[in-house]
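Biologist: I am new to this one. Please show me how to read it, feature by feature.
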Amino acid sequence: MIEPSLALYGDAYARVDAHIQDLLDVTGVRYGLLVDRKGFVLSHKEALWAPRPPALDSVATLVASNAAATAALANMLGERTFSEQIHQGENGTLYVESVGDQALLTLIFDASVPLGKVKVYARKTVAQLAAILEELKDIPEMQLNGDFSAGATALLDDLLG
Amino acid sequence: MSTINFAAREINCKIVYYGPGMSGKTTNLKQVFARVPGHLRGEMVSLATEDERTLFFDFLPLDLGSVQGFKTRFHLYTVPGQVFYNASRKLILRGVDGIVFVADSAPNRLRANAESMRNLRENLAEHGINVRDVPIVLQVNKRDLPDALPTSMIRAVIDPRGELQLFEAMSDKGVGVFETLKTVSRLVLERLSQTK
């Protein structure tokens with residue numbers, strides 16, 4: 001095993017979703033994502049009024065890479081970590097905060113949404129999400145059987161010839 | 001290992017193309033992007049310098065489809081090959097599930113191939129990964145060079161025990177690109193099913 005997997009199961013997944021949705025409702029944030037440190041989207045919610053989201057795979061990958069680079073910078077500067085990143089543009093803001101050592105809460109919102117308000121509520125959500133991810137550490141890993149490998153290989157043949 | 005989201009029923013695997021600078025890692029991804037149907041691939045993200053040398057990484061998501069109800073997806077990355085970008089290479093290896101080592105067939109790149117493989121081993125070790133614990137496929141690229149070295153000579157410096165599956169390629173023409181990707185993907189999927 002290369003790195004512990006981060007697997008969200010039914011109830012935990014629903015609770016993560018609910019917390020992110022609550023955060024969106026109370027702050028007016030447009031998109032909220034929980035991204036693992038490897039750059040995979042674990043959960044995604046968007047406001048009802050939000051337009052079609054950007055490519056979430058790419059957003060997650062860049063956010064995780066950026067966080068990794070920022071963490072490396074922190075270490076070089078003698079810090080354990082920099083726990084949040086804020087990128088502000090003319091029309092919008094990208095806010096990223098660490099959820100423990102495993103994940104990143106990523107919020108995208110318009111310039112009309114006050115950053116301070118987002119930060120206050122995001123802290124609360126981060127604590128809730130971190131508690132859920134902590135619970136998951138004790139759940140035994142589910143197994144995929146050989147049929148999975150065979151089925152996936154057949155799809156590979158279709159895709160790559 | 002792969003990120004498995006049982007609730008969303010998604011499995012994501014990370015494959016990294018590694019190798020010396022200018023060996024053709026980005027070209028491999030560009031060929032995959034060009035030849036895979038649009039609905040099965042996402043956007044290709046390239047963080048490159050002005051002269052198109054990879055600065056941080058290239059990224060291409062690839063959808064395999066649904067297997068036993070799990071949406072299965074590969075995330076393909078390249079690393080920057082230049083020696084001085086090692087911090088970036090190390091970051092990109094985080095959570096890797098499979099590696100394609102792209103070697104250059106040019107005689108004057110033999111040493112660079114060897115150094116890049118050594119660098120890969122060192123960087124994996126810093127992540128606590130034994131090089132034997134991750135599926136690796138060797139692609140010997142630029143086989144159409146007039147002075148291309150014999151593959152046996154290249155393997156001798158990169159993989160002296162002959163443990164890796166080897167594919168000859170001309171990535172700029174798309175030759176060997178899919179074969180390499182298919183093999184490393186299959187190895188990753190087999191590993192996924194065997195996880196204890």
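Biologist: How many salt bridges are there between chain B and chain A?

Modeller: First, the ground rules. This is a predicted model, where local features need pLDDT of at least 70, side-chain atom pairs count only at pLDDT 80 or more, and totals for chains, interfaces and linings use all residues. Residues are numbered from 1 along each chain as its sequence is written, chains are lettered from A and ligands numbered from 1 in the order in which they are written, and side-chain values use heavy atoms, with hydrogens and water left out. A salt bridge is a side-chain nitrogen of Lys or Arg within 4 Å of a carboxyl oxygen of Asp or Glu. Between chain B and chain A the count is two. In one salt bridge, Asp57(A) meets Arg73(B), at 3.3 Å from N to O.

Biologist: What is the count of residue pairs in polar contact between chain B and chain A?

Modeller: A polar contact is a pair of N or O atoms within 3.5 Å; within protein, one must be able to donate a hydrogen and the other to accept it, and residues adjacent in sequence count only if both atoms are side-chain atoms. Here the count is three residue pairs, both residues at pLDDT 80 or more. Strand β4(B) gives the most to the side of chain B that touches chain A: 10 residues. (Helices, H or I of at least four residues, and strands, E of at least two, are DSSP runs numbered from the N terminus.) By class, that side of chain B has 30 nonpolar, 13 polar and 12 charged residues. Ala, Val, Leu, Ile, Met, Phe, Trp, Tyr, Cys and Pro count as nonpolar, Asp, Glu, Lys and Arg as charged, and the others, Gly among them, as polar.

Biologist: How much area do chain B and chain A bury between them?

Modeller: The size of an interface is often given as the accessible area lost when the parts come together. Buried area uses a 1.4 Å probe and is summed over both parts. Chain B and chain A bury about 4200 Å², 66% of it on carbon and sulfur atoms. The contact (heavy atoms within 4.5 Å) takes 55 residues from chain B and 44 residues from chain A.

Biologist: How many salt bridges does the structure hold over all chains?

Modeller: The total is 20. Take Asp104(B) and Lys142(B), which meet at 2.9 Å, N to O. This pair links distant parts of the chain, 38 residues apart: Asp104(B) is in strand β6, Lys142(B) in the loop between β7 and α4 of chain B.

Biologist: Is Asp104(B) buried or exposed?

Modeller: Buried means under 20% relative accessible area, exposed over 50%, partly exposed in between (1.4 Å probe, protein chains only). Asp104(B) is buried, at 2%. Now compare a pair within one helix. Arg15(A) and Asp11(A) form a salt bridge at 3.2 Å, N to O. Both lie in helix α1 of chain A, four residues apart, about one turn of the helix. Arg15(A) is partly exposed at 28%, and Asp11(A) is exposed at 52%.

Biologist: Which residues touch the most other members of the largest nonpolar core?

Modeller: A nonpolar core is a set of buried Ala, Val, Leu, Ile, Met, Phe, Trp, Tyr and Cys residues joined through side-chain atoms within 4.5 Å. The largest has 34 residues, and Phe148(A), Ile15(B), Val32(B), Phe74(B), Leu76(B) and Leu181(B) touch the most other members. Helix α5(B) supplies the largest share of this core, seven residues.

Note on methods:
Buried area is the accessible area (1.4 Å probe) that two parts lose on being put together, summed over both.
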